[in-house]
Amino acid sequence: MKIVHATGELFPYVKTGGLADAAGSIVETLAEYGHHVAVFLPGYRTVLEHPDASAATSVMSIGVELGDEFLSGEILAIKPRPNLTVYLVRRDEYFDRRHPYGRPGRDYDDNAQRFVFFGKAVVESVIRLGLKPDVVHCHDWQAALIPLFLRIEERRRALAVAGKTVLTIHNLAFQGIFPRKTFALTGLPDELLGMDGLEYYGQINMLKGGILFADRLTTVSHTYAREILTPEFGCGLEGVLQLRSDDLVSVLNGINPHVWNPATDRHLPENYTAADRAGKKACRRALLRECGFGEDFAGPILGMICRFTEQKGIHLLPGTGDFFQGDRARLVVLGSGAPEYERVVREWAAERPEAVHVAFGLDEVRSHLIEAGCDFFLMPSIFEPCGLNQMYSQRYGTVPVVSRVGGLADTVTDVDAEPGQGTGIHFEPDDVDALRGALERAETLYRDRKTLNTVISRCMKKDFSWRTAVRAYESLYREII
Ligand code: ADP
Ligand code: GLC
């Protein structure tokens, strides 16, 4: 099949979270399976600075109508592997910036312009390059208007541009909501501005547009697919999603075995496998050393790597009482995000330097060492569409302690609920007492070496490869074209 993807993030070029990992693995695997895959990505500064971009070729200049302006851009192409072309939509005024969406805690003021431009540039390129894809697969709000732009252009030019469109919702909490007046930038017909279109409480909502008009919708775990139809998790779009529920399917994410594999991970001081875990001890020592903790610490080490947002349950940490105090346990945190959450973590950690170490910022190398060097991985998310870290941690023999929501519920089996199959510990979301109880259960499990070893081996042997997910996308494409 000929498949076009459009995404605001793509590993290894630009990443703020799991969207990049997921999109990167899906397109790579589809290409590996012999499909002709083109993926469109904004030409952000970090992307243009990536070594692969030095071999990028300029494919063409484009012109995009944005409101009453006609803006130019350039399309560059990188071919990182057979069957895969990454097209970069370049317009430096919009994308030559440090961060894809804004400074932490504040989005750029021109995000509506930037991503309407991106979406229209994708459609213009698909037409002018003659790609004629069977499927155009868009990810999240950044690409959500593409199905609409595509059909409008087809109508305008009386031309068939693409077969079917798919929109994957990686996180309903980000919708691309902008002032109503930005609708004029889209060039979409006025009838799409109403309640049955992009209108959303007096503003416009890009994700809503995609949900209404993509041929099929997918989301990234089975539980999240059910959750988002409810007011509790639907972020105000549950009604619209209910309208489309017959066209909504769930495809659980996987993990990239070339990037996340303790046997080959080049970011680790020593590698290890399920059969021989000696290297994991070396990773533990390296992590303790790096955090300034004594290397001979014998208790449990927990890790957390995340964006600091409400989603990740950061605000629950101060409620963990004396668990992370003195010599009971160690917690290593890596993350960045909204200043108010950074402050919560900073102040809480400052009161217990002997037990909690926090590093702020994005650090791919350190994230691998944390996955490998810890005994437990903590994810107290309030909601979690899929979550990747709990899968990485199982692969690395680091037992996940997770709230029972979304993809966390689908990928971690509780050791007490199912002793024969358990790979981690579940607790009720957004509940400090439940979190404390889960930490105590982790402590008990840590002391029971025999059971712990069984759980670790089980974790490491679980198959989280992308194959299953990508086969599911393939069947979905086949079914609709
Ligand atoms: P989300 O997409 O909601 O942020 P996921 O668990 O799906 O959550 O994916 C997060 C991805 O981003 C993981 O690969 C994780 O390791 C990575 N990540 C998050 N924060 C950081 C950080 N500060 N440094 C390095 N990697 C990070
Ligand atoms: C989102 C979600 C996360 C998911 C990722 C990849 O960022 O928050 O749960 O794993 O997308 O699909």
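Accessible areas here come from the Shrake-Rupley method with a 1.4 Å probe. With that in hand, I opened the structure, which is a predicted model.

**Entry 1: the whole chain**

I began with the surface. The chain exposes about 19000 Å², and carbon and sulfur atoms supply 50% of that area. Next I looked up burial: 60% of the 481 residues count as buried.

I then listed the secondary structure and found 17 helices and 20 strands. The radius of gyration is 23 Å, close to the 23 Å that the globule rule gives for 481 residues, so the chain is as compact as a globular protein of that length. For the outline, I noted that the C-alpha atoms fill a box of roughly 70 × 45 × 40 Å along the principal axes.

I also checked how far apart in sequence the contacting residues lie. Taking contacts with a separation of 6 or more, I found that 71% are between residues 24 or more positions apart.

My next stop was strand β1, residues 2-6. Four of its five residues are buried, so the strand is largely enclosed by the rest of the structure.

Which strands pair with β1? I found strand β2, residues 36-42, running parallel to β1 and joined to it by five bridges. Strand β8, residues 135-139, also pairs with β1 in the parallel sense, over four bridges.

To place these pairings on the model, I picked out facing residues. Lysine 2 stands opposite histidine 36 in β2, while histidine 5 stands opposite histidine 137 in β8.

I also followed the path from β1 to β2. Together with helix α1 (residues 18-32), these two strands make a right-handed β-α-β unit.

Most residues other than glycine have a negative phi, and most peptide bonds are trans. I went looking for exceptions.

Where is proline 12? I found it in the loop between β1 and α1.

Alanine 158 has a positive phi of about 50°, although it is not a glycine. I located alanine 158 in the loop between α5 (146-157) and β9 (164-169). Its relative accessibility is 71%, so alanine 158 counts as exposed.

Cysteine 235 is not a glycine either, and I noted a positive phi of about 50° for it. This cysteine is in the loop between α8 (222-227) and α9 (238-243). At 32% relative accessibility, cysteine 235 counts as partly exposed.

How values were computed
Residues are numbered from 1 along each chain as its sequence is written. Chains are lettered from A and ligands numbered from 1 in the order in which they are written. This is a predicted model: local features need pLDDT of at least 70, side-chain atom pairs count only at pLDDT 80 or more; totals for chains, interfaces and linings use all residues. Side-chain values use heavy atoms; hydrogens and water are left out. Buried means under 20% relative accessible area, exposed over 50%, partly exposed in between (1.4 Å probe, protein chains only). Two strands pair if DSSP finds at least two bridges between them. A crossover is right-handed if, with the strands pointing away from the viewer, the path from the first strand over the helix to the second runs clockwise. The radius of gyration is taken over C-alpha atoms; the globule rule is 2.2 Å times the number of residues to the power 0.38. Contact means heavy atoms within 4.5 Å.
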